[in-house]
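Take a walk through this structure, one kind of contact at a time. Keep the sequence at hand as you read.

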Amino acid sequence: MSLFIGGYQGRQIRRRYLERILISVATFGILYWLGINFIKSPSQFFQASIIGLSNGVLYALIALGYTLVYGIIELINFAHGDLFMLSAVFSANFITIWFHKESSGPAAWGVFFMCLVSVMLAAASVNIGIERFAYRRLRRAPKLAPLITAVGVSFVLQFIGLRWNGSGPKTWNSVLPAGKLSFSGISIPYTTMISFAVTIPLLLLMSWIVTRTRQGKAMRATAQDQDAARLMGINVDRTISFTFALGGALAGAAGLLFQQTRGLTSYNLGYQLGLIAFTSAVMGGIGNLQGAVLGALLIGLIQGLNDGLPIGLGQQWSQTVVFSILILLMAFKPTGLLGKAVTEKV
Amino acid sequence: MNKKIQRSLAVVSAAALLFGVSAVTSATAAGKTIYLAFQAPLTGPNALTGQDELTGAKFALSEYNATNPAVKVELVLADDQGDPTVAASVAPGIASNKGIIGLIGPAYSGATQASLPAYKAGGLPMISPSATRVSLTDKKAPVNGFPIFKRVVANDKFQGPALVRYATKGITAPKVYLVDDVSAYGAGLADYAKKTITAAMNVGKDSVPVNTSDYTSVVAKVKASGANVVIYCGYAPDAAKFVKALRDGGYTGIFASGDGTLKADYPVNAGKAAAEGTRLTAADVPFENVATDAQMVAYTKLTGIKVPGTYVTSTYNATNVFLSCIKQGVVSRPGMQNCITNGQFKGIAGDTIKFDRYGDIIGGAAVGAFVIKDGKIVYLGVA
């Protein structure tokens with residue numbers, strides 16, 4: 001039998017068997033855990049899944065910003081999470097302080113949509129500005145230079161947030177309808193439905209832009225080879241700016257949705273959610289758009305189930321569970337769920 | 001300032017004080033003046049704690065000295081900056097000054113632990129107004145304060161039960177959901193609170209780490225458990241986010257928390273509506289609520305402060321324990337140790353202060369009960 005072959009080949013085969021057994025045990029364990037929770041309380045199971053998915057769509061919006069930028073200039077834009085945080089603070093100020101809307105109503109919904117457009121524009125402009133002033137000059141520099149710059153920009157944005165929002169968390173009243181849809185013990189808040197209703201079209205729109213438009217084609221070309229793209233007459237600078245704008249706009253929308261559904265802002269939001277979103281992008285295969293969304297939904301769901309199920313490790317283990325799964329996944333599939341192995345461009 | 005320079009300055013100033021003190025002691029050799037040391041952070045980032053407490057000690061002394069006693073008492077200040085390393089270098093000086101027969105403080109638990117070896121060697125009795133770490137009076141702890149250390153503040157062993165008692169007060173069938181923030185303080189307090197929650201009351205426990213931005217999952221669990229009392233053990237910023245998420249999620253029951261949440265910005269951050277009715281406890285009772293009007297006038301005249309800070313009451317009580325021993329004719333450290341260990345004293349609120357073998361007040365020191373009303377913290381009484 002092949003299991004008893006000696007030497008290098010035998011080791012390889014045995015290792016593959018071991019891996020398969022480990023994966024089966026892990027899968028069985030997870031299914032068993034989900035099963036007993038489902039039997040114990042089906043309503044809590046669905047509730048936890050819904051909470052998880054609604055977090056997942058938020059992560060997806062942010063994760064796309066990481067993956068878009070990485071896809072095109074291979075930079076991990078650490079400042080992206082903080083752009084999301086500033087968008088949340090901007091939205092809170094826009095709706096509550098500048099337009100004095102603190103409760104639901106047609107006028108307030110109008111302000112909500114105005115805010116959605118403004119915050120997307122504002123975040124897009126800020127992101128273009130960051131690229132123009134902090135990253136563009138370093139495009140041909142060693143890879144570490146823009147990386148450190150990104151960390152620096154992240155601190156700058158964080159301190160703007162600290163000045164703007166104050167050192168403590170601030171809570172706000174949502175202008176979205178407060179009710180919920182209930183059936184057989186499961187309740188879906190309207191706010192969750194609205195986040196889906198805003199996020200899904202945005203994701204589709206972005207996917208359409210990247211795959212179907214001329215600008216999208218330019219983006220893909222630039223991602224593949226900047227010099228060749230330039231020779232083909234593509235304005236590379238403008239294409240990169242456009243990519244940053246797209247990522248920024250999605251972070252802006254995420255900021256507004258977070259602020260309105262969770263009702264809170266804090267200057268260190270960007271670090272926490274940015275880290276999770278970045279992880280989603282890596283899990284899905286960094287640079288891959290569908291992968292980022294898939295990774296984000298998966299992480300949201302894992303967190304939701306782990307935090308919300310009656311038999312579970314609970315929220316204090318949330319990050320541990322997410323990152324353990326990430327490490328396992330990376331060990332078996334280093335490119336992420338949908339990522340492809342790319343040879344280093346020379 | 002450089003930390004090293006700060007430390008050496010602290011040591012030098014303590015030494016200078018001691019030198020001055022011993023000079024004075026020998027000058028009034030008849031034993032007409034006795035010294036009490038006061039150890040707390042008086043400079044540095046935690047100075048406010050020490051300066052607040054100092055007013056309580058000074059006020060108790062001024063009341064005592066105003067009665068024209070045969071033996072005058074004066075304070076020797078020791079500044080440990082709340083830092084264990086500084087405390088360890090300040091303590092030997094205080095311990096070696098035989099004119100000092102008692103020590104009010106130290107204010108901080110870490111500083112207390114670092115000072116203990118010197119004070120134990122010198123046999124100097126100490127009463128802390130604010131060191132709440134449970135291990136200091138735990139006979140099983142490797143470093144406890146036995147026999148010289150006493151405290152007039154409720155440690156978390158007492159605050160936990162008091163918090164549960166107060167949170168469930170007036171609720172006919174309380175169903176308690178306990179949440180902590182996994183910090184040393186929060187998890188510790190929750191452990192002591194949990195012991196008082198009976199099986200019939202208990203509907204769940206959860207831990208949400210400090211700085212979490214999303215409380216939806218735990219809110220869903222609280223609601224699924226049918227709880228009508230939620231007790232949160234953690235700090236104000238997180239409590240504000242949690243209570244807001246609970247109220248937004250439709251939870252209408254009691255929300256209660258400990259002294260970590262007792263901060264003026266809690267109702268501001270949570271929003272007036274969400275914070276309204278929050279029940280809070282603290283190991284401290286505000287001085288203005290237990291002092292008489294005449295005392296408050298005298299206090300303001302002495303210190304220039306209208307609203308006393310935290311732990312003024314406990315510092316006042318600690319100082320008075322020493323003073324009543326001195327009134328009984330105690331003039332030495334062993335005498336003081338004996339008097340404190342076996343005596344029975346009165347606190348300003350009329351409460352009885354008698355220490356158990358390991359230094360805590362028998363029956364527990366007073367825990368104050370507070371409620372948020374119209375966005376303000378209001379003191380209700382002893383929990």
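Counted over all chains, there are 24 aromatic pairs. Rings of Phe, Tyr and Trp (its six-membered ring) pair if their centres lie within 6.5 Å; planes under 30 degrees apart are stacked, planes over 60 are edge-to-face, and the rest are tilted. Start with Phe38(A) and Phe45(A). Their ring centres are 5.3 Å apart and their planes stand at 90 degrees, so this pair is edge-to-face. Phe38(A) is partly exposed, at 35% relative accessible area. Phe45(A), at 14%, is buried. Buried means under 20% relative accessible area, exposed means over 50%, and partly exposed is in between (1.4 Å probe, protein chains only).

This is a predicted model: local features need pLDDT of at least 70, side-chain atom pairs count only at pLDDT 80 or more, and totals for chains, interfaces and linings use all residues. Residues are numbered from 1 along each chain as its sequence is written, chains are lettered from A and ligands numbered from 1 in the order in which they are written, and side-chain values use heavy atoms, with hydrogens and water left out.

Now move to chain B. Phe59(B) and Tyr299(B) make an edge-to-face pair, 5.6 Å from centre to centre, with 85 degrees between the planes. Phe59(B) lies in helix 2 (residues 47-65) of chain B and Tyr299(B) in helix 12 (residues 293-303) of chain B, so the pair ties together parts 240 residues apart in sequence. Helices (H or I, at least four residues) and strands (E, at least two) are DSSP runs, numbered from the N terminus. Both Phe59(B) and Tyr299(B) are buried.

Rings can also link up in groups. In chain A, ring pairs join Phe90(A), Phe94(A), Trp98(A) and Phe99(A) into a cluster.

The rule asks for NZ of Lys or CZ of Arg within 6 Å of the ring centre and within 35 degrees of the ring normal. The charged end of Arg20(A) sits over the ring of Tyr17(A), 5.9 Å from the centre. Arg132(A) is placed over the face of Phe133(A), 6.0 Å from the ring centre.

Next come the charges that pair with each other. Side chains of opposite charge can pair when their charged atoms come close. How many salt bridges are there over all chains? The search finds 14. Each is a side-chain nitrogen of Lys or Arg within 4 Å of a carboxyl oxygen of Asp or Glu.

Asp237(A) and Arg136(A) form one of them, at 4.0 Å from N to O. The pair links distant parts of the chain, 101 residues apart: Asp237(A) is in helix 9 (residues 236-262) of chain A, and Arg136(A) is in the loop between helix 4 (106-135) and helix 5 (144-165) of chain A. Asp237(A) is partly exposed, at 29% relative accessibility.

Another bridge connects Arg262(A) and Asp214(B), at 2.9 Å from N to O. Why does this pair join two chains? Arg262(A) lies in helix 9 of chain A, while Asp214(B) lies in the loop between strand 7 (202-207) and helix 7 (216-225) of chain B. Both residues, Arg262(A) and Asp214(B), are buried.

Lys194(B) and Asp191(B) also meet in a salt bridge, at 3.9 Å from N to O. Both lie in helix 6 (residues 184-194) of chain B, three residues apart, about one turn of the helix. Lys194(B) is partly exposed at 41%, and Asp191(B) is partly exposed at 39%. Salt bridges can share partners as well: Glu131(A), Arg136(A), Arg139(A) and Asp237(A) are joined into one network this way.

Look next at Ser49(A). It is in helix 2 (residues 42-73) of chain A. At 12% relative accessibility, Ser49(A) is buried. Leaving out residues up to four places away in sequence, Ser49(A) touches Leu301(A) and Leu305(A); contact means heavy atoms within 4.5 Å.

Finish in chain B, with Gly309(B). This residue is in the loop between helix 12 and helix 13 (312-327) of chain B. Gly309(B) is partly exposed, at 22% relative accessibility. Gly309(B) and Leu48(B) are 261 residues apart in sequence, and 8.6 Å apart in space from C-alpha to C-alpha.
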